Amino acid sequence: MDEQAREDFRTYVAARSPALLRTAYMLTGNRADAEDLLQTALAKTYLSWDRIRDREALDGYVRRGLVNTQTSFWRRRKVDEYATEQPPEQPGRDVTADLDLHDALWSALSSLPKRQRAMVVLRYYEDLSEAETARVMGVSVGTVKSTTSRALVKLRESSLLTTAPGDPRTALAIDGVHA
Amino acid sequence: MSPLDDELRAALRGRASVLTPAPDPLAGIERRAKRIRRNRVAASVAGSALAVAAIALAVPALAPSALPDQLPPPVATPGPTVAPSPAPSPAQQVNPYALDPADPWPYRGDPEVRTQGDLDAYTVEFAARRGVLTDDVRLTPLFGQVYEPSVPELFYVATVTSSGDSWWGVVQASESGPELLVDVPLPDGTTALPAALPGDEVARLLVVAAPSVGRIEYGPDDASGWTAMTSIADGVAITPLEGDPAADQVRMLGPDGQVVFSGLAPDADAPEPATTGDPDNVLGWPVRGVADAALEERAARGFAQAKGVARAEVSFSVLVTGNNDPGQRYTVLQAWVTGQPAQVFGWVESPGRDPEPQLRPVTEPGTAAVAILLTEIPGRTTDELVVVPRPGTGEVLYKTSATAQGRPVTVDGLDGVALVDRELGAEGDSIVLLDGDGKQTFERPVSDLLCGETGCS
């Protein structure tokens, strides 16, 4: 990579890292893994930088890298590789004893299989259409529909969302599925 | 939109909003990139730690005599050379390394991966993609293995028996059911099934070929020459993918060292080819009516003929299949040629007549209804209009003119499909859709719904 290309890449990373890190965080559930995941996806992008002609499509490329890497069954943790000035969160920190509605949803999300979680994130955080989600995930639109539907059912059935009558979490849990 | 949808969005965004990135992450990224590059060069092929995801291509056999012109080796190496080949006799034209779907290569790999239950599940998934019945599918496992910790993956060749068309692919058992990671037509004479399989950091290339093939080699673009891929079974080898995926190559040698196949390696980073996914404009509506796989397959062949392509290049989803008392059978598909958008395609078979194809324009986003017209119905003095509305539609009304009152035409038991006895040569009539509350959501002249591929009559 020549100096100009490196500078272009640096500019891209500086501009897009915050948003991409948030997506990685949605996928992993904690900051440490999110940093690690994003670094991996950006490193792959770095290696492919000279071959990526359509710079408008970069976010899609990185997003696909994030999802593919995260959903890789054989993904291993590499805690020595991410660089961050903030200490990583401790496992379990996100599941608190005193859950409000959003905390409950967040915790329930962590119980989903990686692929289901990724589809929920792409559909409800990234606001991608089913077709766009299918492209990122490398699956058919039908698979997106069925997997997302299963994920929502699982969220609804989560014990974290089924509490006492009158609790807003219970209202969410008994609402019909809209997938 | 449900409360859960809204709360999910709010919960995710609330979480994300408090996150701030580390300053200047470039140094870390470059360190990681160097490590990946180093791994690509040095990785011993620990294939058991890798798993599949998705891009692949089927490569027809390349006659040795064609190699020098079509694909020279990427670098000069002391490796095998292409042997001169005399003009083949008819008997010699049968390539001993080609995959014959009627008599496929023997299964290699882990027998646990091809349990009948798994094969049944994979067959159902494959049949659903093809829009055929599972009884119409013959799926043969070629190679299977289990990746750490417990993900079975399987190379297969599958044939739709009613049409004779074959595909090959890779399926993986996932938590959400079988995933056809590779699913592409099988050209005649295919000798190598190379799949690019993204890994953790290093993508891998897995090639399945005839057991009688000798060495399988990989040629990266970094001028390091051909290197032998790691053999994990007879005719099966893997290697990390390195270098520029646009230039990586793979070749196979016969037992005597002669090149029997050479071609580009598939690209793990490339966008997924259209052959493994549906076009964006596929409606995704439920299948209505009574399935008739043979009729739907004939319709798919009719679509291929109308588009001037091979059947194997055509995919489709069924919108409705049905028949009427005079014996006409029809199906309405969304069909598409690989890499092209989907079109609505009607197919009507009437006793004593040639089948009638009805090709509509490229399906537009937000399509509310599609229709075909059954004509020359034996014993009737009207045509029959078949209207398939989008799911969730309430009543379908038919208006004979702009000022006429609409009459309900939805048929009970057909999941919202409407049938209209339409006067011969009718003009100015229209279709109206109501929602569940009886509110009009759509009105369109029938003539618009019957537009051909290139225009409306």
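Which residues does Thr367(B) touch, not counting residues up to four places away in sequence? Select Thr367(B) and look for Leu283(B), Trp285(B) and Arg390(B). Contact here means heavy atoms within 4.5 Å.

**Ground rules**

This is a predicted model: local features need pLDDT of at least 70, side-chain atom pairs count only at pLDDT 80 or more, and totals for chains, interfaces and linings use all residues. Residues are numbered from 1 along each chain as its sequence is written, chains are lettered from A and ligands numbered from 1 in the order in which they are written, and side-chain values use heavy atoms, with hydrogens and water left out.

**Stop 1: Thr367(B)**

Stay on Thr367(B). Its place is the loop between β20 (356-362) and β21 (369-374) of chain B. Helices (H or I, at least four residues) and strands (E, at least two) are DSSP runs, numbered from the N terminus. Thr367(B) counts as buried because its relative accessibility is 17%. Buried means under 20% relative accessible area, exposed over 50%, partly exposed in between (1.4 Å probe, protein chains only).

**Stop 2: the five-strand sheet**

Color β16 to β20 of chain B. They form an open sheet in the order β16-β17-β18-β19-β20, with mixed pairing. Two strands pair if DSSP finds at least two bridges between them. β16 (288-289) and β20 of chain B stand at the edges with a single partner strand each, so one side of each has no neighbour in the sheet.

Next, select helix α5 (residues 293-307) of chain B. Helix α5 packs on this sheet and touches β17 (314-323), β18, β19 and β20 of chain B. Its direction makes about 50° with that of β18(B). Axes are lines fitted to C-alpha atoms, for helices over the stretch in contact; angles run from 0 to 180 degrees between N-to-C directions.

Move to β18 (residues 329-337) and β19 (residues 343-349) of chain B. These run antiparallel and are joined by seven bridges. Show Tyr330(B): opposite stands Val348(B) in β19(B).

**Stop 3: β22 and β25**

Select residues 382-389 and 418-423 of chain B. Strands β22 and β25 pair there in the antiparallel sense, over six bridges. Leu385(B) stands opposite Val420(B) in β25(B). Which face of β25(B) is covered, and which uncovered? Ala418(B), Val420(B) and Arg422(B) form the covered face. Leu419(B), Asp421(B) and Glu423(B) form the uncovered one.

**Stop 4: aromatic rings**

Rings of Phe, Tyr and Trp (its six-membered ring) pair if their centres lie within 6.5 Å; planes under 30 degrees apart count as stacked, over 60 as edge-to-face and the rest as tilted. The count is 10 aromatic pairs over all chains.

Go to chain A. Tyr12(A) and Trp49(A) make a tilted pair, 6.0 Å centre to centre, with 45° between the planes. Tyr12(A) is in helix α1 (residues 3-28), Trp49(A) in the loop between α2 (31-48) and α3 (58-71), 37 residues apart. Both are buried.

Back to chain B. Phe126(B) and Trp167(B) pair edge-to-face at 5.8 Å centre to centre, with 75° between the planes. Phe126(B) lies in helix α4 (residues 116-130) and Trp167(B) in strand β6 (residues 165-174), so the pair ties together parts 41 residues apart in sequence. Both Phe126(B) and Trp167(B) are buried.

Zoom out. Chain B has six helices and 27 strands. Of its 457 residues, 51% are buried.
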